[in-house]
Amino acid sequence: MKHLIMGTAGHIDHGKTSLVKALSGFDCDTHPEEKQRGITIHLGFTHLKLGDDIDLGIVDVPGHKNFVNTMISGANGIDFVLLLIAADSGIMPQTREHLQIMQMLNIKKGLVVINKIDLVDDDILQLLEEEIIDFTYNTFLENSPVIKVSAKTGTGIEALKQEIHGITEIINPRSDKGLFRMYIDRMFQVKGFGTVVTGTVLSGLLRKTDNLYLLPDKIDIKIK
């Protein structure tokens, strides 16, 4: 079983969270403020199993410019990305910013997804595809597949899953050798249990009662 991490990227309201729900069946917007405002504020996490050989973790990031720091923390440690572009809006400021961030983070693999195709005609889609060719030129997404979907109607979702499965076959999983290293994605308290930390493992294995070193605060901690 191969374990990989997929992240989302793209402008606010281009349908990242809706697409993740269409793929996995899980709504990553779980906080009351996100429901009230209708936008993603915190990192969201879910899981998708592709066949019997791919175990895919998903990190859903916010698209609003005010939460770009949160986006960066979520993009750290992913193996590949889905860059979403809404068919009715096209390439927007955070589309460009997110692509620049992924370039700086040295992400090597990804897919471009045109979402909300139910809102436009074929001529608009063709124009957008031509813009995407220019937009991704000389980036890691140059010549990447462009998949057209509607998270709302489900059109193209199965084709997207097939493309995701295809890209996972050419990505090597992270090594379980060497020191255990993990990006911390979130931390919360569970009554009667204590502190729970989740994150993206970069290397190594973790065993119960192992001693760890928390950076940058330089704190010794023990796993219970």
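1. Leu-128 touches Ile-85, Ala-86, Ala-87, Gly-90, Ile-91 and Ile-114, with residues up to four places away in sequence left out of the list; contact here means heavy atoms within 4.5 Å. The model is predicted: local features need pLDDT of at least 70 and side-chain atom pairs count only at pLDDT 80 or more, while totals for chains, interfaces and linings use all residues. Residues are numbered from 1 along each chain as its sequence is written, and side-chain values use heavy atoms, with hydrogens and water left out.

2. Leu-128 belongs to helix 5 (residues 122-135). Helices (H or I, at least four residues) and strands (E, at least two) are DSSP runs, numbered from the N terminus. With a relative accessible area of 4%, Leu-128 is buried. Buried means under 20% relative accessible area, exposed means over 50%, and partly exposed lies in between (1.4 Å probe, protein chains only). The C-alpha atoms of Leu-128 and Ala-87 are separated by 7.3 Å, although these residues stand 41 residues apart along the chain.

3. Leu-4 lies in strand 1 and is buried, at 2% relative accessibility. Its contacts, again without residues up to four places away in sequence, are Asp-55, Leu-56, Gly-57, Asp-79, Thr-168, Ile-171, Asn-172 and Pro-173. The C-alpha atoms of Leu-4 and Arg-174 are separated by 7.8 Å, and the two residues are 170 residues apart along the chain.

4. Strand 1 pairs with strand 3 in the parallel sense, over six bridges; two strands pair if DSSP finds at least two bridges between them. His-3 stands opposite Asp-55 in strand 3. Strand 3 is largely enclosed by the rest of the structure, because seven of its seven residues are buried. Ile-54, Leu-56, Ile-58 and Asp-60 are buried on one side of strand 3, and Asp-55, Gly-57 and Val-59 are buried on the other, so that both faces are covered.

5. How are helix 1 and helix 6 arranged relative to each other? Helix 1 (residues 16-24) and helix 6 (residues 157-168) pack at an angle of about 85 degrees, with their axes 10 Å apart. Axes are lines fitted to C-alpha atoms, for helices over the stretch in contact, and angles run from 0 to 180 degrees between N-to-C directions. The two helices are therefore roughly perpendicular to each other (angles under 35 degrees count as roughly parallel, over 145 as roughly antiparallel, 65 to 115 as roughly perpendicular and the rest as oblique).

6. At this contact, Leu-19, Ala-22 and Leu-23 in helix 1 meet Ile-157, Leu-160, Lys-161 and Ile-164 in helix 6. Leu-23 touches Met-6, Leu-48, Leu-82, Ile-157, Leu-160, Lys-161 and Ile-164, not counting residues up to four places away in sequence.

7. The largest nonpolar core has 23 residues, of which Met-6, Leu-19, Leu-23, Leu-56, Leu-82, Leu-160 and Ile-164 touch the most other members. A nonpolar core is a set of buried Ala, Val, Leu, Ile, Met, Phe, Trp, Tyr and Cys residues joined through side-chain atoms within 4.5 Å. Two or more residues each come from strand 1 (2-9), helix 1, strand 2 (44-50), strand 3 (54-60), strand 4 (80-86), strand 5 (110-115) and helix 6. Helix 6 gives the most to this core, with four residues. Apart from it lies another core, of 21 residues, including Val-81, Leu-128, Ile-132 and Phe-140.

8. As for the chain overall, its secondary structure comes to six helices and ten strands. Of its 224 residues, 43% count as buried.
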